[in-house]
Amino acid sequence: MMRFVKANTPVYRARLEIMLGKTVLMTLAAAICLFAANPKVTQAEAKVKAGKFEEAFALLDPLYKANAKDAEVNKALADAHLKYADSFMNNEALPPRQKYRPALKQYREVLTYDPANKDAKAKINLIEGIYKQMGMPVPQ
């Protein structure tokens, strides 16, 4: 047996208002997400995916200089430096002598933009430990 609710009842109106309110909020949230992304950050992220790290930094550095507190730019720079450092560490063609120093520099750069980055901190400790095991001074 189906139950019909009159459109002018208070319960029906309340449910309708809640549904419409949720729909409006979801639409606004989606619009904010679409328009919040800085196009230069999006371009830089594509450059990072393509392995063009220097080009990504060329796009991101001016944005950082214009507003060092921009969370989106800071995250993009931290991610770019982390991936750049990882590219050195994972490059089998480079001997350890040539990969550790630039990777260490890039991991330290990550902490400039994201001081709490656990991945960068762990990898810095790893590389510094390797230098210490080899009896070599840790590059600054």
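## Helix packing in a predicted model

Helix 2 and helix 4 are roughly parallel to each other, a term for angles under 35 degrees, whereas angles over 145 count as roughly antiparallel, 65 to 115 as roughly perpendicular and the rest as oblique. This is a predicted model, in which local features need pLDDT of at least 70, side-chain atom pairs count only at pLDDT 80 or more, and totals for chains, interfaces and linings use all residues. Residues are numbered from 1 along each chain as its sequence is written, and side-chain values use heavy atoms, with hydrogens and water left out.

Helix 2 (residues 39-49) packs with helix 4 (residues 71-89) at an angle of about 10°, and their axes are 10 Å apart. Axes are lines fitted to C-alpha atoms, for helices over the stretch in contact, and angles run from 0 to 180 degrees between N-to-C directions. Helices are DSSP runs (H or I, at least four residues), numbered from the N terminus.

In this contact (heavy atoms within 4.5 Å), helix 2 supplies V41, E45 and V48, while helix 4 supplies E72, V73, A76, A80 and K83. Of the residues in the contact of helix 2 with helix 4, five are nonpolar, none polar and three charged. Here Ala, Val, Leu, Ile, Met, Phe, Trp, Tyr, Cys and Pro count as nonpolar, Asp, Glu, Lys and Arg as charged, and the others, Gly among them, as polar.

The table lists buried residues (under 20% relative accessible area) and exposed ones (over 50%); those in between are partly exposed (1.4 Å probe, protein chains only).

| Helix | Buried residues | Exposed residues on the other side |
|---|---|---|
| Helix 2 | V41, A44, V48 | P39, K49 |
| Helix 6 | A120, I124, I127, E128, I130, Y131 | K118, N125, K132, Q133 |

The buried residues of helix 2 are V41, A44 and V48. They cover an arc of only 60° around the axis, so they are on the same side of helix 2. The arc is that of the directions from the helix axis to the C-beta atoms. These buried residues pack against helix 3 (53-66) and helix 4.

Helix 6 has 16 residues and reaches 22 Å from its first C-alpha to its last, close to the 22 Å expected at 1.5 Å a residue. The expected span is 1.5 Å times one less than the number of residues. Its buried residues include A120 and Y131. Helix 4 and helix 5 (96-113) are among what covers them.

E128 touches L104, R108 and V138, not counting residues up to four places away in sequence.

Definitions and conventions. Helix = DSSP H or I, 4+ residues; strand = E, 2+ residues; numbered from the N terminus.
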